[in-house]
Amino acid sequence: CRNTFRPPTISFIRIFKNFAFKKGACMSGFDSISNYLERHEEQAFILKAFITISFILWLREFLSSFIGLFILLFPVIFLIYIRLQAAASGQSATDLLKQHITFMPFMYAEGERKKEGVAWATYSIILINIFIFYGIELNPLVDAEFIFNNFIFIPEKPNLWNTPISAFTAIFLHGSDFHLWGNMIFLWVVGTVVERRIGWQKFLLLYFITGLLAGLAYIAIHYIFMGEVGHALGASGAIAGIMGIFAIRCYFKSMVFPLPILGIFSLILPVSLKVRLNSLVIMGLFFLLDLSGGIGQITGENFSNIGHWAHIGGMAGGMTLAGFMGLGKGAVEERHLEIGIKASNAGVGLGEGEHSLRIALEKNPNNSEALLYLARIKSKFALTDEGRDLYQKAIQATASSKPQEAATIYKEYYNKYLKGVEPALQYRLAGIFYKNKDLDIASRCLEMLADSANTPPEIRERSMFQCAMVLEDMGLNEAATSYYTRFMETFPNSLAIAKVKAKLGKA
């Protein structure tokens, strides 16, 4: 039993080639397919996801006859697997259990790197939904019939004013606690991830648009196949729309799907196995399950009240809108950036990491993270001109928005290459180091500027004066005096000359 389902380490492109070679037939066809997939990595990645979906559906069908026995034996099989892996790896069984189990009872995105900013729109929507359900829908002073007559989509008693409004108010109504909290958990899982990448304004706009599309899809299908006007409520259609956007913008992300390992005892102790699946696989499975359920409702085989066609409409709408907005480009950039960062940090697979970082830079030449990690890879074993240039570009790209981070990168760069950057930027970095009380690196930055004849005169003048002051602060009075003297000789007409004379004790 494995706790993850990942693509095999041997590329399925090679499998195509090996199969064709062994069979001695269709070689040219397999060659053309494998060559195409090697040139189009994203299509190959998506194809892997669809193969995984097919395998999971087959496995689900295969195990359906043994599900009771599987639930009974699974904890035993899992514990045997842990003991065997502990013996093989030398790790303790306790450490392995920590790696493979989770107490989180619902799926979540793993390894989320984007921590900056709070997903205010997502949290606000969640709070509004909770307030409406407990503060209004369950309030005994509120007439439930009035809500159904006017605010579900389509209202029980439609008119010119409540029908268009209900398309949006229905998104904030729920039929039960389970309905509410199930939706809110899903919104938290996908909404926070998507909002951090597209911003709260776009997030809110797309949430309401996909919610509208979901409602319209449900009403249309219900009327066409059932011959009557449908009535729907709930946020699941809009959330499915965000899931559709997630499938495009975050298709590369890994998600943890909790699988209970204690059988019925998991109701008491919610211990679950971490099953890691690509998010595209998760979204694809949800779509297919909704499609199967929706077809069952049309044919009369499924009598549930779940709005499968609202989910399908919302997800399809979200994917379409994400495609029109070009959100997939940002996903490709981020995917390859993560591959490059992992390779750089791990110190293995550097060739693949370099390749991915170059792809990220093709999508966005000013991606400061891609520039930095590629600079580290190109400087890992030997100092190179390309590594130096990449460090300088990373500092330049970071300086305007994250000056403190730019200063940190500069220190890393200087310790390796012992060189400066563009004069105006270096003078600015020297100021940051001085404010941070890092006087040693501040003085080095200023010394390079003051000592170089290529430094623009106005920057050199300020640098020489500031360098003398920093050296004085460091207690290096002899060196400070040397720079004050050079300042008087080089810039005799400077406005700061009086201060310099006072420092030197001259009239």
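This briefing walks through the fold, the sheet, the nonpolar cores, the aromatic rings and a few backbone details of the structure above.

The model is predicted: local features need pLDDT of at least 70, side-chain atom pairs count only at pLDDT 80 or more, and totals for chains, interfaces and linings use all residues. Residues are numbered from 1 along each chain as its sequence is written, and side-chain values use heavy atoms, with hydrogens and water left out. The protein chain holds 23 helices and four strands; both are DSSP runs numbered from the N terminus, with helices (H or I) of at least four residues and strands (E) of at least two.

**Overall picture**

- Of the 507 residues in the protein chain, 42% are buried; here buried means under 20% relative accessible area, exposed means over 50%, and partly exposed lies in between (1.4 Å probe, protein chains only).
- The protein chain exposes about 27,400 Å², and carbon and sulfur atoms supply 64% of that area; accessible areas come from the Shrake-Rupley method with a 1.4 Å probe, and for residues only the protein chains shown count as cover.
- Among contacts between residues at least 6 apart in sequence, 64% join residues at least 24 apart, where contact means heavy atoms within 4.5 Å.

**The sheet**

- The four strands make an open sheet in the order E1-E4-E3-E2, with antiparallel pairing.
- Strand E1 (101-102) and E2 are at the edges with a single partner strand each, so one side of each has no neighbour in the sheet.
- Strands E2 (residues 108-109) and E3 (residues 254-260) pair in the antiparallel sense over two bridges; two strands pair if DSSP finds at least two bridges between them.
- In that pairing, Tyr108 stands opposite Val256 in E3.
- E3 also pairs with strand E4 (residues 272-278) in the antiparallel sense, over seven bridges, and here Phe257 stands opposite Val275 in E4.
- Asn278 is found in strand E4 and counts as buried at 15% relative accessibility.
- Leaving aside neighbours within four places in sequence, Asn278 is in contact with Phe45, Ala49, Tyr251, Phe252 and Lys253.

**Nonpolar cores**

- In soluble globular proteins, nonpolar side chains tend to be buried together.
- The largest nonpolar core has 62 residues, and those with the most contacts inside it are Leu187, Val190, Phe203, Tyr207 and Phe246; such a core is a set of buried Ala, Val, Leu, Ile, Met, Phe, Trp, Tyr and Cys residues joined through side-chain atoms within 4.5 Å.
- A second, separate core of 51 residues includes Tyr391, Ala399, Ile409 and Tyr484.

**Aromatic rings**

- The count comes to 19 aromatic pairs; rings of Phe, Tyr and Trp (its six-membered ring) pair if their centres lie within 6.5 Å, and planes under 30 degrees apart count as stacked, over 60 as edge-to-face and the rest as tilted.
- Phe487 and Phe491 form a tilted pair, because their ring centres are 5.6 Å apart and their planes are at 45°.
- Both partners are buried: Phe487 has a relative accessible area of 1%, and Phe491 has one of 13%.
- Tyr391, Tyr410, Tyr413, Tyr414, Tyr417 and Phe433 form one aromatic cluster.
- The charged end of Arg376 sits over the ring of Tyr373, 4.8 Å from its centre; a charge sits over a ring if NZ of Lys or CZ of Arg is within 6 Å of the ring centre and within 35 degrees of the ring normal.
- The charged end of Arg462 likewise sits over the ring of Tyr427, 5.0 Å from its centre.

**Backbone details worth a look**

- A cis peptide bond joins Phe153 and Ile154, with omega about -5°; Ile154 has its place in the loop between helix H7 (144-150) and helix H8 (162-169).
- Leu418, in the loop between helix H18 (403-417) and helix H19 (423-435), has a positive phi near 55° in a residue other than glycine.
- Leu418 is exposed, with a relative accessible area of 58%.
- Lys437 lies in the loop between H19 and helix H20 (439-451), and its phi is also positive, near 65°.
- Lys437 counts as exposed, at 70% relative accessibility.
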